[in-house]
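Trainee: I would like to learn how to read the inside of a protein model. Can we work through one together?

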Amino acid sequence: ERERERERESSGSMGLSLKWVALFRRESRDGALSAGSEMEAERARECEGGGADGTASSSVTTSPCSPLRKETSDRVSLSSRLSSQSKRKGFVKFASERMSSFAEPLSVEEKHASTDFAKVAGRAQKSLKCVSREVAGTRYSSTFLARELLSWLVAKKICASHNEALYFCQQLLSQGLILRVGDTNDEPKFTFDLVPYYFALH
């Protein structure tokens, strides 16, 4: 009988211990769930602009829904778009420059097809220092040398090279805007020598 009483007491105490363990586990689980719910509620209040106590939050940088973070994100997005647009514009410019480099350059005739040669001759007459020179015993006033006109055309960027300037001077000579001293040819040719020229503008 004593042994049966001991067994009943032992089983009773064990059942009580198990009951306390189960109760402790349930309370722990309920507490964790309650804590999680409180955290979710606090996060929701922060997103709406309030703190954990329902008042306005003093720190806007800790909230994932903070307006400052949203503004920063918008700035980064705008910067990325601008960077992409800049890269596209740079590529288009690079491509156009490459295409233009492969384009066939204009000939000298095409370049000066619409040039007003008389106007350029008037500018040259005002700019060049024309002096009197003696040729074959005869003195001519207001003359200039071929190299002086060639250098002026290149310096003023009217012509890009010496050969282009020669073509330009030949056009001036063919149109009668400049004349070579002592030249009586019907089809005069512009030559690069010491024989002077003079302007024949009307």
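**Core, strand and cysteines**

Mentor: The largest nonpolar core has 23 residues, and those that touch the most other members are Leu149, Trp152, Leu153, Phe168, Leu172, Ile178 and Phe190. At least two residues of this core come from each of α4 (117–127), α5 (146–155), α6 (162–174) and β4 (197–199). Keep in mind that this is a predicted model.

Trainee: What is the general idea behind looking for a core?

Mentor: Nonpolar side chains in soluble globular proteins tend to be buried together.

Trainee: Which residues is Phe190 in contact with, leaving aside its neighbours within four places in sequence?

Mentor: With those neighbours set aside, Phe190 contacts Ala146, Leu150, Leu166, Cys169, Gln170, Leu173, Ile178 and Tyr197.

Trainee: Where does Arg180 lie?

Mentor: Arg180 is in strand β3, which covers residues 178–180. Its side chain makes a polar contact of 3.3 Å with the side chain of Thr191. Beyond neighbours within four places in sequence, Arg180 is in contact with Leu173, Thr191, Asp193, Val195, Pro196, Tyr197 and Tyr198.

Trainee: How should I read the cysteines, and how many disulfides does a search of the whole structure find?

Mentor: A disulfide is a covalent bond between the sulfur atoms of two cysteines. Here the search of the whole structure finds zero. For Cys159, the nearest cysteine sulfur is that of Cys169, 7.1 Å away.

Trainee: Is Cys159 buried or exposed?

Mentor: Cys159 is buried, at a relative accessible area of 3%. Cys130 is partly exposed, at 25%.

How values were computed. Residues are numbered from 1 along each chain as its sequence is written. This is a predicted model: local features need pLDDT of at least 70, side-chain atom pairs count only at pLDDT 80 or more; totals for chains, interfaces and linings use all residues. Side-chain values use heavy atoms; hydrogens and water are left out. A nonpolar core is a set of buried Ala, Val, Leu, Ile, Met, Phe, Trp, Tyr and Cys residues joined through side-chain atoms within 4.5 Å. Buried means under 20% relative accessible area, exposed over 50%, partly exposed in between (1.4 Å probe, protein chains only). Helices (H or I, at least four residues) and strands (E, at least two) are DSSP runs, numbered from the N terminus. Contact means heavy atoms within 4.5 Å. A polar contact is a pair of N or O atoms within 3.5 Å; within protein, one must be able to donate a hydrogen and the other to accept it, and residues adjacent in sequence count only if both atoms are side-chain atoms. A disulfide is a pair of cysteine sulfur atoms within 2.5 Å.
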